Structure formats: structure tokens, C-alpha cells
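Look at the model first, then read on.

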Amino acid sequence: MNDVFIRGLHVNPRNVRAQSKQSHAHWRVAMAMGGAMDSCGRCMKISLVAMNILTFLGGVLALGIGVWIWVSRSFPSTLMSNNMFIASVAVVVAMGAAVMILSFLGCCGAAKEVKCMLLTYYILVFIIFVVMLVGGILLFVFRVKVLSTLEREMHASIPNYGTRREYTRAWDETQTKLQCCGVKSYKDWNDNVPDSCCVEVYPGQRRDCKYSQNPTTMYMDGCFNKTVDLLREDAAYVGTVAVVVALIMVLALIFSCGLFVKIE
């Protein structure tokens with residue numbers, strides 16, 4: 001009887017290992033995780049992780065440029081009758097933040113070989129890619145519209161100077177930062193030339209230009225051409241970042257799809 005009891009306590013190590021492997025396999029299936037992959041699958045896995053690192057950096061760059069434009073270069077937006085400029089910059093900021101979060105999800109899905117995470121990642125990347133296309137079209141439409149209406153809108157905003165705070169601030173910031181005066185020239189202000197048209201010697205100190213209007217005391221160039229140049233530069237920055245991030249995201253879509261198929 002003792003011998004039977006001892007044999008009952010004896011456990012075959014091979015059976016233990018087999019049961020352990022079987023339970024581990026069941027756990028991986030339950031978590032939608034794959035098993036071993038061939039060399040092509042491992043290459044896709046490494047490539048997807050690398051693409052997501054590049055996507056994260058691109059998101060940081062897009063977010064940084066969007067915030068920079070919004071904070072430091074959006075001062076002429078009040079002089080425009082539409083909000084397409086702010087809308088296009090908001091798309092860039094949102095895209096940068098979303099891409100940063102999404103790249104982390106992609107790295108986790110690739111590193112852990114979790115199929116459900118990869119599928120979610122693929123769908124979200126595709127959605128963001130479509131949003132980027134819409135943002136690019138919006139930016140193009142905005143640029144064309146600005147070139148055709150900006151001069152008229154700037155002329156229409158001049159009577160609001162001194163009576164409406166937002167227009168007064170927008171004109172002062174535009175003329176100070178772009179070193180310009182009026183729409184085409186200082187003559188657009190007639191006899192009511194703002195102090196922001198006077199040359200700034202140092203912050204808070206300007207030359208007297210109301211009675212002595214010459215290049216040494218007053219900004220002689222109009223603000224229209226300089227504002228157009230500023231908006232074109234912003235569009236170039238945003239467009240370049242969007243194209244680079246979009247290309248990286250296309251590669252990420254390809255690698256995530258390939259890795260999804262390779263995971264057993």
C-alpha cells in the first residue's frame with residue numbers, strides 16, 4: 001500500500017513540461033498572441049518597431065511645429081474673415097499628439113506579438129492617415145483662398161483699429177513682428193498712423209514717425225506681401241512634416257499587416 005502511495009506521488013517531469021507548454025499555448029491563444037515566427041516575420045517585427053520609433057519622432061516634430069505656429073505665428077489670423085488657418089494648425093497639433101500615442105501602441109503590439117493590438121493599430125493608423133489627407137486638402141484650399149481674399153480682408157479690418165481690441169492687437173503684433181505698416185504702405189492709415197508702424201529701437205521704445213515719415217523712423221513696406229510670405233512658410237513647414245509622417249505611416253501599415261499575417 002505504501003508502494004502504491006509513493007508511486008502516486010511520483011510525477012513524471014516530461015508530463016509536467018508538456019502540461020506547462022500546453023497551458024502556455026492556451027494562454028497565448030486567449031491573449032491573441034502568436035508563437036514562433038520565421039526570419040521574415042522577425043524582420044517585419046523589427047522593422048515595425050523601427051517605423052514606430054520614427055513615427056513617434058515625427059509626431060513630436062508635428063506637435064512642436066503646430067504649437068510653435070499657433071503660439072508665435074498666428075497673430076495675423078484675426079485679420080482674416082475665416083478660421084481656416086487656426087483649423088489647419090489645430091489638425092497638425094491633434095495629428096502630432098495622436099501619432100505619438102499610436103506609435104506606442106504599435107511598438108507594444110509588435111514587441112508582444114499581440115494580434116488584437118496590431119489590428120487596432122492598423123485601423124487607427126489608417127484613420128489618422130485619412131485625417132492627414134483631409135488636413136492637407138484643407139491647408140491647400142486655405143492657401144488659395146487667402147491669396148484671393150487676404151488683401152480685401154486686411155483693408156476691411158483697418159476701421160476696426162482702436163475700436164475693437166482683437167483687431168488693434170492683431171495689427172500691432174503684425175506690424176511689429178513683420179516690420180511693416182498698413183496693407184500696401186503706411187498711406188493706408190491716412191492720418192491715423194499707429195505707433196506700431198514706428199521703428200522699434202528696443203522693446204517699449206519707438207522712434208517718432210507720425211510727423212517724420214521716412215525709412216529711418218517708420219516701416220515703409222506694406223504688411224500684405226509679408227503676411228502672405230509668412231503663411232506660405234507655415235504651409236511649407238506643415239506640408240513637409242505631413243508628407244514625411246504620411247510616408248512613415250504607409251510603411252507602418254504595410255509592416256503591421258505583414259506581421260499580423262505572420263503571427264501564428
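Is Cys197 buried or exposed? Cys197 has a relative accessible area of 0%, so the residue is buried. Buried means under 20% relative accessible area, exposed means over 50%, and partly exposed is in between (1.4 Å probe, protein chains only).

## Basis of the values

This is a predicted model: local features need pLDDT of at least 70, side-chain atom pairs count only at pLDDT 80 or more, and totals for chains, interfaces and linings use all residues. Residues are numbered from 1 along each chain as its sequence is written, and side-chain values use heavy atoms, with hydrogens and water left out.

## Disulfides

A search of the whole structure gives three disulfides. A disulfide is a pair of cysteine sulfur atoms within 2.5 Å. Counting bonded cysteines along the chain, the pattern is 1-6, 2-3, 4-5.

Cys180 is bonded to Cys223, with an S to S distance of 2.0 Å. This pair links distant parts of the chain, 43 residues apart. Cys180 sits in the loop between α6 (165–178) and β1 (200–202), while Cys223 belongs to helix α7 (residues 223–262). Helices (H or I, at least four residues) and strands (E, at least two) are DSSP runs, numbered from the N terminus. The link is right-handed, with 100° about the S-S bond. Both Cys180 and Cys223 are buried.

## Two further links

Cys181 pairs with Cys197, and their sulfur atoms are 2.0 Å apart. The torsion about this S-S bond is about 85°, so the disulfide is right-handed. Cys181 and Cys197 each lie in the loop between α6 and β1, so the pair ties together parts that are 16 residues apart in sequence. Cys181 counts as buried, at 0% relative accessibility.

In the disulfide of Cys198 and Cys209, the sulfur atoms are 1.9 Å apart. Its torsion is about -70°, so this link is left-handed. Cys198 is in the loop between α6 and β1 and Cys209 in the loop between β2 (205–206) and α7, so the pair ties together parts that are 11 residues apart in sequence. Cys198 and Cys209 are both buried.

## Other cysteines

Cys257 counts as partly exposed, at 39% relative accessibility.

## Nonpolar core

The largest nonpolar core has 56 residues. Such a core is a set of buried Ala, Val, Leu, Ile, Met, Phe, Trp, Tyr and Cys residues joined through side-chain atoms within 4.5 Å. Met154, Trp171 and Trp189 have the most contacts inside it. Two or more residues come from each of α3 (39–72), α4 (84–112), α5 (115–157), α6 and α7. The most come from α7, with 14 residues.

## Second largest pocket

About 160 Å³ of space lies in the second largest pocket. Its lining includes Val71, Phe75, Arg165, Glu166 and Lys177. α6 gives the largest share of that lining, six residues. A pocket is an open set of points on a 1 Å grid over the protein atoms alone, where a 1.4 Å probe fits, with protein on both sides within 12 Å along at least five of seven lines; lining residues have an atom within 4 Å of a point.

Definitions and conventions:
Points joined across faces, edges and corners; volume = space filled by probe spheres on them.
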